Amino acid sequence: MELLPKIENEVLMGARRGLNRWFLALRSGGDGAKAGAAALRKCANSMAVGGPGGLGLGGTARGYEWRALNADNIIKRVDQGRVARASRVAYSFRRDCDREMAKLEGFPEGMPRRAEAFATSFGWYRCWDEIAKLGVEIVDEIGDKGMVENKQAGQRARLSLSFKAKNTSSGSVASVKHSLKEHTQWSRVLTPDLLFEDSPSKDEDEKKLMGVAESVHPVRRAESAFALLRRTAEFRQYYELNRYGDTKIKSPNSQEEIRSFLSSLTGDDVSLGTDRVFFAKSLPHLCASVVGFSAVEAALEIGTFLDEELDDHESAVRDTSASRDSSSRYERNLIAELGTLLRGRAIGASLAELSRGSYLMAAFRSALKIVHPSSATRRSDKELLAMDVDIVMTALKIAQEEQLKITSKIVSDDRFNPVQITPNYHY
């Protein structure tokens with residue numbers, strides 16, 4: 001009998017050690033973010049292809065043909081006028097569609113073809129040369145001195161990202177350069193690097209996603225050990241303290257400390273870094289981490305059943321309900337904080353960064369619905385829709401400002417002499 005307390009302590013300490021290793025693997029090891037990245041990538045490419053029929057912009061060329069025919073029909077039905085005549089001159093279904101479809105079929109289905117279809121539908125290749133520069137920030141090669149070189153356009157520009165890629169197991173700097181060279185400039189402008197199918201970390205991310213259901217065994221073992229000693233409430237308190245916690249960080253606008261759930265989830269201070277770093281690196285990582293969190297919570301719900309013949313059935317129901325409420329509450333806090341960060345950073349973003357962020361948020365919303373559809377947070381996903389609306393409104397304002405700046409520069413650089421009109425000239 002004297003050994004029983006020691007045995008209980010050993011069982012509890014072993015269960016806590018297993019839980020701590022599991023928490024560390026999710027946070028510092030990045031297992032949750034890797035699983036979330038795989039889910040985001042699958043959802044984004046499925047949205048681009050357009051489901052089983054493949055009629056999306058990134059799917060079969062037939063989908064683009066139907067959209068082109070619909071646009072040509074609308075152009076023919078508008079009232080006669082300058083705009084109608086200019087539209088018919090700019091686009092003709094019989095003249096342009098076959099050539100554009102043949103060009104799109106040269107790109108792989110998914111995100112690359114979607115980006116090219118988007119650019120083609122707006123007449124980029126009908127109005128400009130294929131090698132013409134886009135006039136936005138495109139990173140092709142990462143250099144030590146912060147310079148980038150666009151070989152297609154023959155231009156040099158200052159590197160917009162203020163961080164350097166690190167050598168990790170998911171890929172080195174060379175693999176990042178190779179990945180960036182493989183895609184066209186429109187693909188790089190409209191698509192976050194995380195969503196490309198040829199991402200160097202794709203295989204590892206998919207392994208983590210497929211193994212989510214098995215990765216929660218340490219939690220099951222610890223829960224069984226605590227329940228065997230009739231300490232279920234202690235286990236629940238210990239688990240929620242480490243899983244659903246928050247971290248104090250300094251507010252970007254003041255020196256006051258604020259609660260950050262995303263910093264606790266990822267282990268990084270989300271208030272640090274410039275706007276360039278946020279949209280290129282932090283935002284994809286935060287979205288992947290939140291999706292990974294939802295995937296793990298969904299895996300923990302699998303196999304959770306209640307036996308009505310047990311004496312402590314009411315207690316089990318109460319514990320399970322409290323756990324789900326805590327999980328849903330924490331997920332809502334994560335999404336709300338992500339929306340606050342995105343709105344604050346969008347003010348200093350470029351139009352290309354907002355375009356990539358908008359599609360990333362669309363894939364983020366779709367991935368959450370797929371990996372954890374039973375979450376109570378799915379009923380209040382209006383926050384995610386509000387993010388998209390804010391991105392669009394901010395992008396319209398930034399587009400207007402960028403257009404005014406470019407127009408002013410063109411006018412100031414124009415050194416041509418004005419045309420002299422003779423007195424007998426008639427308009």
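## A tour of the predicted model

Start with the largest nonpolar core, which has 68 residues. Select L40, Y239, L283, M361 and F364, the residues with the most contacts inside this core. Then colour helix α15, residues 275-301, which gives the most to the core, with 13 residues. This is a predicted model, so everything on this tour is computed from predicted positions. In soluble globular proteins, nonpolar side chains tend to be buried together.

Next, centre the view on L283. Leaving aside neighbours within four places in sequence, L283 is in contact with F278, L338, L342, G357, L360 and M361.

**Cysteines**

Now select C287, which is buried because its relative accessible area is 0%. A disulfide is a covalent bond between the sulfur atoms of two cysteines. How many disulfides does the structure hold? The count is 0.

**Aromatic rings**

Show the rings of Phe, Tyr and Trp; the model has 13 aromatic pairs. Begin with W22 and F23, whose ring centres are 5.4 Å apart. Their planes meet at 55 degrees, so the pair is tilted rather than stacked or edge-to-face. Both W22 and F23 are buried.

Move on to Y244 and F293, an edge-to-face pair with 6.3 Å from centre to centre and 80 degrees between the planes. Which parts of the chain does this pair link? Y244 is in the loop between α13 (232-243) and β3, while F293 is in helix α15, and the two are 49 residues apart. Y244 has a relative accessible area of 11%, so Y244 counts as buried. F293 is buried as well, with a relative accessible area of 2%.

Follow the chain to strand β3, residues 247-250, and strand β4, residues 257-260. The two strands pair in the antiparallel sense over 4 bridges. A hairpin of 6 residues joins β3 to β4. Across the pair, K248 stands opposite R259 in β4. In a regular strand the side chains alternate between the two faces of the sheet.

Now select S263, in helix α14, residues 261-266. Is S263 buried or exposed? Its relative accessibility is 5%, so S263 counts as buried. A polar atom of the S263 side chain lies 3.1 Å from the backbone oxygen of D268. Not counting residues up to four places away in sequence, S263 touches T247, I249, D268, D269 and V270.

End at helix α6, residues 111-121. How many of its 11 residues are buried? The number is 9, and the helix is mostly covered. Select the buried residues of α6: M111, P112, R113, R114, A115, E116, A117, A119 and T120.

To see what covers them, show the helices α2 (31-49), α3 (61-77), α5 (93-104), α7 (124-127), α9 (185-190) and α17 (351-371), which are among the covering elements. The last stop is G123, which follows α6 and has a positive phi, near 80 degrees.

Key. Residues are numbered from 1 along each chain as its sequence is written. This is a predicted model: local features need pLDDT of at least 70, side-chain atom pairs count only at pLDDT 80 or more; totals for chains, interfaces and linings use all residues. Side-chain values use heavy atoms; hydrogens and water are left out. Buried means under 20% relative accessible area, exposed over 50%, partly exposed in between (1.4 Å probe, protein chains only). A polar contact is a pair of N or O atoms within 3.5 Å; within protein, one must be able to donate a hydrogen and the other to accept it, and residues adjacent in sequence count only if both atoms are side-chain atoms. Contact means heavy atoms within 4.5 Å. Two strands pair if DSSP finds at least two bridges between them. A disulfide is a pair of cysteine sulfur atoms within 2.5 Å. A nonpolar core is a set of buried Ala, Val, Leu, Ile, Met, Phe, Trp, Tyr and Cys residues joined through side-chain atoms within 4.5 Å. Rings of Phe, Tyr and Trp (its six-membered ring) pair if their centres lie within 6.5 Å; planes under 30 degrees apart count as stacked, over 60 as edge-to-face and the rest as tilted.
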